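Visitor: Could you pick one part of this structure and walk me through it slowly? I'd like to see how it sits among its surroundings.

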Amino acid sequence: MDPLLSVRSLRVEATSSVGTIVAVDRFDLDIYPGDVIGLIGESGSGKTTAVRSLLGLTERNVRIAEGSIYFQGEQVLGDGKNHLDRLRGRHVGMVFQNASSSLNPLLKIKTQMRQVLRVNQSAQRAAAHQRRIEEVISRMGFHDPKRVLRSYPHQLSGGMRQRAAIAIAIVSEPEIVIADESTSALDVTTQAEVMDLVRELATDMGHSLIYVTHDLLLAAEVCTRMAVMYGGEIVEEGPTASVIAAPRHPYTLGLLRSVPMWAKKAPLVGIEGTPPRVTPGFIGCRFASRCAHAVGACSEADVEWTQRRDSGFRCIQPKGAPLHTGNG
Amino acid sequence: MSTARPVLQIEDLRVVFSQRGIGKRPDVVAVDGVSLCIEAGEIVGLVGESGSGKTTLALATALLGRVTDGRISLEGEDIIGISRKRMRRLRSRIQVVFQDPHGSLDPRQTVRKGLSELRSLHPGRSTWITDAELLAKVGMTEDLLDHLPHELSGGQAQRVSIARALLLRPSLLVADEPTSALDVSVQAQILNLMLQLRESEKVSVLLISHDLSVVRNLCDRVYVMKDGRVVEEGETEELLASPTHPYTRQLIAAIPGKDWDRSSIESPNGWREGPDSP
């Protein structure tokens, strides 16, 4: 089976008055039909910049410095091409963190859904659009879907707005939906309802999903695979169960030890220090300065990706491996 | 000490906000007859969703918000309806740590300047410790004293907020979602700091949180609020193991990742600790 979307060696740089930083680097990702991939990272890890780059939605000071993207085998970015706008909306839908600011406050939900269809499927008739809109909204778990269509965003609660945003993202039947922290602003019980809907997107409605979040356990609820980002790079990627139950990268382990878990009360262990500022000349493992297992070699050269069957990591002395003596 | 009075006792507290003047809206009862008690050295959790009244209750407790009716006493002293002068003196014994540290620190004041301002306002209570020793208590070094808030990371800024609270040797720390704005790796450090301060500073904590996993890992007892009322309270483990109120059950059902535990990541067959690199 071929991947729906392939990203290769993506490198994104952001320039500001204080210089250039590398926001995303050596970013490879394959999304297959039916995949639900969690892109996990703390603030500044590059997760949002990475997915926004896939959509060509980066800020003005951010540029894609390197990399290629293929959609269904066809190159849409790289080798002088940039057709990301053809993907956006039609093939890749996006749900943002805060639906109250990502929805247009002046338009009814129905109008906003119709706009997406008009832009992406101009050949179809208005009647077909209407049917599609009603079909999608009826699946979002609203008590009164017709009323939601007639409503302006401010007339809906936070959870309803987020579900309306999901409806807008999938109305043109994109193969892939990207949800960026789409439940972080909601109360826990509302969050659980929206997560159920997100899960259905993948299982019943057949979309592939990239779920971007800082919340490892929330991602574990819905994701089949997980990619953990640190300092702009993916440091570990694999099936959810193996990433959580048998993490190989010290950062993944650090994150897991930081999360208060429900099942077992245990002392929390945070990660000391702060992430580095990754400038274009940065060499070595991004996590080395905070890593308890770092040796000299970690900072001397960039760390290559190690792939083991269906999971991989970017570390020269991963958990479970014989310890590098590193007497350099 | 075992016969000591509770640090905080709230009886039948009501907080009502009038909306007269904004059309014909009815009054909002934000806190509706809440009673709550914190014993010395306890960390007590207060959970509930947005709009449940938990922050209004916290502000009333810290003498920063309005109280319509009811009693609040701090170490046996009534703090409702007292003179401004006494209130100012009592207020130093309850300190608040807010959610967003960058929002609660003065952006134009260095850490040092902020502390010296506090010292001048409370000359009697603040001489027990130097700035450097105070920062050490929250795991920071004195070279950060000359930093402005924007030069601090979120975790560092929150440590500064906690240090400022500790300067006045409060009996009670009210922490309103103190880690919600922080990354998880930093959240863990701040939560650990609270546990440690309870031991070293003998401070009691009212921890307001929407995260039941945080509460379970930190709190001795917990109160669950909904629509301005306490719907359930008890020892944390007991209450969370067998919740009786449907709302508490709903909250627990909504917790993500309940099935994961730490056994896999704490197992000894992880890294073999080797010699440190030179």
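**A close look at helix 6 of chain B**

Guide: Helix 6 of chain B (residues 154–167) packs against helix 7 of chain B (residues 184–201) at an angle of about 20 degrees, and their axes are 10 Å apart. Angles under 35 degrees count as roughly parallel, so helix 6 of chain B is roughly parallel to helix 7 of chain B. Keep in mind that this is a predicted model. The way helix 6 of chain B passes helix 7 of chain B is a right-handed crossing.

Who does the touching? From helix 6 of chain B it's G155(B), Q158(B), R159(B), I162(B) and L166(B), and from helix 7 of chain B it's V186(B), Q189(B), I190(B), L193(B), L197(B) and E201(B).

Now check the length of helix 6 of chain B: with 14 residues at 1.5 Å a residue, it should span 20 Å, and its end C-alpha atoms are 20 Å apart, which agrees.

Helix 6 of chain B is also mostly covered, with eleven of its 14 residues buried. Among them are A157(B), V160(B), S161(B), A163(B), A165(B) and L167(B). What does the covering? It includes helix 7 of chain B, along with strand 6 (94–97), helix 3 (101–104), helix 4 (111–121), helix 5 (131–137) and strand 7 (172–176).

Terms used
Residues numbered from 1 in each chain as written. Chains lettered and ligands numbered in written order. Predicted model: local features only at pLDDT ≥ 70, side-chain atom pairs only at ≥ 80, totals over all residues. Heavy atoms only, no water. Axes fitted to C-alpha atoms, helices over the stretch in contact; angles between N-to-C directions. Helix = DSSP H or I, 4+ residues; strand = E, 2+ residues; numbered from the N terminus. Parallel < 35°, antiparallel > 145°, perpendicular 65-115°, else oblique. Left-handed = near helix turned anticlockwise from the far one by under 90°. Contact = heavy atoms within 4.5 Å. Expected span 1.5 Å × (residues − 1). Buried < 20%, exposed > 50% of the residue type's maximum accessible area, 1.4 Å probe, protein only.
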